[in-house]
Amino acid sequence: MNLLVLGASGGCGIEVVSQAVTRGHNVTAVVRETTFFEAPEEVKVIRGSVLSEQLLEEVIDGKDAVISCLGLNRKNKLNPWSEIISPKNLTSEAVGLLINLMKQDKSLAVISAAGVAESFARTNPLLKFLIRRSSLGPAYSDLEKMEKALKGSSLNWYAIRPVTLTDFKIKEVKTADSYSLFSMISRPSVAKYLLDIIEGVEQPDTRTPIIKN
Ligand SMILES: NC(=O)c1ccc[n+]([C@@H]2O[C@H](COP(=O)([O-])OP(=O)(O)OC[C@H]3O[C@@H](n4cnc5c(N)ncnc54)[C@H](OP(=O)(O)O)[C@@H]3O)[C@@H](O)[C@H]2O)c1
């Protein structure tokens with residue numbers, strides 16, 4: 001499959017790229033000009049902005065599917081109150097451009113988050129507090145906007161909603177009804193699930209599954 005990966009330099013993105021190569025896909029990764037990114041030699045790396053319609057139009061040509069692992073950066077990734085340094089509409093804007101540029105029969109799988117939109121009601125009190133009060137709020141609003149745009153599109157789309165991310169190894173991925181305090185999923189497992197969706201191996205019964213290990 002000819003696969004385009006956005007957010008390829010992030011924790012989940014790097015995993016998507018390397019697992020996709022292992023599965024035999026032809027991978028094109030879009031990475032910002034200044035970001036350090038080391039990819040397997042089979043990967044075509046395009047440097048530029050994911051918010052450039054012209055760039056996306058060029059790189060989408062000939063692709064069967066797109067995976068987006070984009071997410072808003074904070075100055076300090078470990079501090080939820082740290083200032084957001086990415087455009088606050090990054091995921092909704094990039095996905096909006098993809099929706100306009102991709103042909104209807106193509107597949108788009110993106111990372112959202114458990115706690116977004118109606119899943120907020122099924123989220124543990126700590127995360128609810130952080131979403132209401134910290135820099136997680138604007139990031140979740142952007143993801144909600146992104147999901148809304150996808151719902152109005154006719155693409156074959158999935159916005160997966162992982163619980164808390166870790167860097168453990170790949171483990172079995174389960175879908176969940178709620179986001180409990182200690183539920184976690186590893187980034188390699190998220191990557192595997194995204195690729196399984198794109199390949200049709202996983203067919204969740206909702207387009208916005210909460211996933212955990
Ligand atoms: N952390 C959690 O527990 C958790 C739980 C559920 C869902 N999520 C969601 O999952 C997403 C992926 O997780 P992750 O750990 O892989 O995140 P990550 O390592 O922070 O990766 C974020 C990706 O977005 C890109 N990005 C950020 N700002 C950008 C910009 N202005 N222009 C272009 N690209 C930009 C980054 O590129 P650069 O490398 O160039 O900055 C990077 O590739 C998170 O962002 C979040 O929305 C997280």
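Let's start at the ligand. Helix α1 gives the most residues to the shell around the ligand, three of them. Keep in mind that this is a predicted model. In total, 23 residues surround the ligand. The closest are Gly10, Gly11, Thr35, Gly71 and Ala113. Two elements give two or more residues to that shell: α1, residues 11–22, and β7, residues 164–166. What is the make-up of the shell by class? Eleven residues are nonpolar, ten are polar and two are charged.

Now step back to the whole protein. The secondary structure comes to six helices and ten strands. The radius of gyration is 16 Å, close to the 17 Å that the globule rule gives for 213 residues, so the protein is as compact as a globular protein of that length. Along the principal axes, the C-alpha atoms fill a box of roughly 45 × 35 × 35 Å. Of the 213 residues, 42% count as buried. Now the contacts with a separation of 6 or more. Residues 24 or more positions apart account for 67% of those.

Next, strand β5, residues 107–111. Is β5 mostly covered or mostly open? Mostly covered: five of its five residues are buried. In a regular strand, side chains alternate between the two faces of the sheet. Here, Ser107, Ala109 and Ile111 point one way from β5. Leu108 and Val110 point the other way. Both sets are buried.

Who are the partners of β5? One is β4, residues 65–68, which pairs with β5 in the parallel sense over four bridges. Within that pairing, serine 68 has valine 110 of β5 as its bridge partner. β4 and β5 also belong to a right-handed β-α-β unit, together with helix α3, residues 90–101. Another partner is β6, residues 156–162, parallel to β5 over five bridges. There, alanine 109 stands opposite tyrosine 158 of β6.

Tyrosine 158 takes us to the last stop, proline 204. Which residues does proline 204 contact, leaving aside neighbours within four places in sequence? They are Tyr158, Thr175 and Pro209. Proline 204 sits in the loop between α6, residues 187–199, and β10, residues 210–212. Is proline 204 buried, exposed or in between? It has 16 other C-beta atoms within 10 Å, so proline 204 counts as partly exposed. The cut-offs are 20 or more for buried and 12 or fewer for exposed. One distance to finish. Proline 204 and lysine 44 are 160 residues apart along the chain. Their C-alpha atoms are separated by 30 Å.

Terms used:
Residues are numbered from 1 along each chain as its sequence is written. This is a predicted model: local features need pLDDT of at least 70, side-chain atom pairs count only at pLDDT 80 or more; totals for chains, interfaces and linings use all residues. Two residues are in contact if their C-beta atoms, placed from the backbone, lie within 7 Å. A residue is near a molecule or strand if its C-beta atom, placed from the backbone, lies within 6 Å of it. Ala, Val, Leu, Ile, Met, Phe, Trp, Tyr, Cys and Pro count as nonpolar, Asp, Glu, Lys and Arg as charged, and the others, Gly among them, as polar. The radius of gyration is taken over C-alpha atoms; the globule rule is 2.2 Å times the number of residues to the power 0.38. Two strands pair if DSSP finds at least two bridges between them. A crossover is right-handed if, with the strands pointing away from the viewer, the path from the first strand over the helix to the second runs clockwise.
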